[in-house]
Amino acid sequence: MLPFTIPSADVFFASPKRVFAHYFYPFPLSIGNQPATTDYYTVNYLNPAGEAGKHLAYGGWLRARPLPVPVGGANFAQLNMQREVALAIARGITCFTFDILSFTDAMAAAGHLQQMFVAAQAVDPRFWIVPMLDMSSMAGLTQAQAAQLITMCKTFSSCARVPDGRLLISAFNATVQPLTWWQGVISQLNTMDIDIAFLPVLLGSATSSVLDPIAIGTGGWGTATAAVASSPAGYMPPVLTQQFRPKSQIFWEASNSQTFRNGWMTAIGSKAQYVQLVTWSDFSESGQVQPYTDATLDTTLGSGFYDLTGYYATWFATGVQPVITKDVLYWFHRRMSSSAAHPKQADAFNVVAGTPPEERNIECLAFLTAPGTLVINGQAQAVSAGINSMKAPMTPGFPQFRLQRNGSDVFEFKSPIQIYGAAGIPAGVTQGTLDMTYWGGSYSAP
């Protein structure tokens, strides 16, 4: 749900500023083309006992999944990629930075990268795909293979190109290889009359590296905490939703929607040409921007970050803050605290050492056309027109939200996500496990 009228796609594609979203292909909309109630996500990834119990110690590999899609035909994977491109465009995203995890997969016509090139071209030829070599996964990639891969990308019109015609190529954790290695790749490409604009992405909040001499700029991967890095010239700032990694038993404190909003405001206040959402689809690290749900398949549970993207992407692309024309309340909160009981999960989840401590709040983020009063579980706060964030302590139950004006309710609603107390989740498949995901959605007057 949006609090304004989002511009047409033409506005975003005409802007010199581009919103990138990091695409992680292991988590497509559908795995195996099965009904969502019995698909691989439900049976194996969300279920603590899934995949023969190998994730039991941390209560299952994932806590969230993509929204369900219809079972399709033989070309279901291609059609689902097209759905993702269309979903991204609908919120002002004009590019996927595509994480390439395998040379073999990338070079295959039926592989994920080439299928995404085709999907982007089918939905909107203006939508960019930026090949991003994942150097953490492909540390053994040779210079000749890198050059071969990039040469293949040139054959697709949806491969990103900067205004002077050079291919826009990125690399995640690019400094795994030294400057000389990348210079060798570029030299091989030059012998084939292929010029690239290189945009390396660095771990954490680093804004420069030894690769600067061959780069058009630098992207940071960022950290999912409310404190954000500066944005110097030539820097592609990251915007993160949250980071919760069940398999690693860790999470960063994202402070409800504050980390996401702070990242956007850094990008908007900078002179950056590009901004990268970290990520579109990495459910294993809970960083996804695309709408998400759980085993209930309730579509109202995880649209908050996706819809906020529409507002802030418009602001970034146009340079003008959108006018709020409709009262919308966004809610963000967890199911529980990390200290809740988890008898069916051996490992606890801990906030990353050296980062801000865990918060235990419910947030109401209000986009208002006029002043009013926000109420969370009976706790009230007067607010002005515009964007306002109110927080209240987490208490067990379904949080109740109200917007009031002149002593009367404009509208009220309850969160669809129940908060559990110290005893933890009492029943169901996930009984006795922990979930540190920030869930979020929106509500407005009918």
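Q: Where in the chain does Asn-256 lie?
A: In a loop. Asn-256 sits between strand 11 (250-251) and helix 8 (258-269). Keep in mind throughout that this is a predicted model.

Q: Is Asn-256 buried or exposed?
A: The cut-off for buried is a relative accessible area under 20%. Asn-256 has 0%, so this residue is buried.

Q: Which value of phi does Leu-297 have?
A: Leu-297 also is not a glycine, and its phi is positive, about 65°. The residue belongs to the loop between strand 13 and helix 9. With a relative accessibility of 17%, Leu-297 counts as buried.

Q: Is the peptide bond from Val-278 to Thr-279 cis or trans?
A: Again the general idea comes before the case: most peptide bonds are trans. The bond from Val-278 to Thr-279 is cis, and its omega is near 15°. Thr-279 falls in the loop that runs between strand 12 (274-278) and strand 13 (292-293).

Q: How many helices and strands does the protein chain have?
A: A count of elements gives an inventory to start from. Here the protein chain has 9 helices and 22 strands.

Q: Which radius of gyration would a compact globule of 446 residues have, and which does the protein chain have?
A: The approach is to set the value for the chain beside that of a globule with an equal number of residues. For 446 residues the globule would come to a radius near 22 Å, and the chain agrees because its own radius of gyration is 22 Å.

Q: What percentage of the contacts in the protein chain link residues 24 or more positions apart?
A: The share is taken over contacts with a separation of 6 or more, and 73% of these join residues 24 or more positions apart. As for burial, 56% of the 446 residues count as buried.

Q: What does the accessible surface of the protein chain come to?
A: About 16300 Å², with carbon and sulfur atoms providing 56% of that area. For charge, the chain carries 24 positive and 26 negative side chains, and the centres of these two sets are 3 Å apart.

Q: Which residues have the most contacts inside the largest nonpolar core?
A: A nonpolar core is read as a set of buried residues joined through their side chains. The largest one here holds 104 residues, and Phe-96, Leu-113, Leu-133, Trp-182 and Trp-264 have the most contacts inside it. Helix 9 (residues 304-318) gives the largest share of this core, 9 residues. Another core, apart from that one, has 20 residues, including Val-130, Phe-172, Trp-252 and Val-352.

Q: Which residues does Phe-96 touch, not counting those up to four places away in sequence?
A: Among them are Ala-21, Tyr-23, Met-116, Phe-127, Trp-128 and Trp-280.

Q: Is Met-236 buried or exposed?
A: Met-236 has a relative accessibility of 2% and therefore counts as buried. The residue lies in strand 8 (residues 235-236). Beyond neighbours within four places in sequence, the contacts of Met-236 include Phe-20, Leu-199, Val-201 and Tyr-274. Sequence and space can also be read together: Met-236 and Ser-270 are 34 residues apart along the chain, and their C-alpha atoms are separated by 9.6 Å.

Q: How far apart are Ala-341 and Gly-421 in sequence and in space?
A: They are 80 residues apart in sequence and 8.6 Å apart C-alpha to C-alpha. Ala-341 is in the loop between strand 14 (328-333) and strand 15 (350-351). Its relative accessible area of 28% makes Ala-341 partly exposed. Not counting residues up to four places away, Ala-341 touches Ala-422, Ala-423, Gly-424 and Thr-433.

Methods. Residues numbered from 1 in each chain as written. Predicted model: local features only at pLDDT ≥ 70, side-chain atom pairs only at ≥ 80, totals over all residues. Heavy atoms only, no water. Helix = DSSP H or I, 4+ residues; strand = E, 2+ residues; numbered from the N terminus. Rg over C-alpha atoms; globule rule 2.2 N^0.38 Å. Buried < 20%, exposed > 50% of the residue type's maximum accessible area, 1.4 Å probe, protein only. Contact = heavy atoms within 4.5 Å. Areas by Shrake-Rupley, 256 points an atom, 1.4 Å probe, with all protein chains shown as cover. Lys, Arg positive; Asp, Glu negative; His and termini not counted. Charge placed at Lys NZ, Arg CZ, Asp CG, Glu CD. Core = buried A, V, L, I, M, F, W, Y, C linked by side-chain atoms within 4.5 Å.
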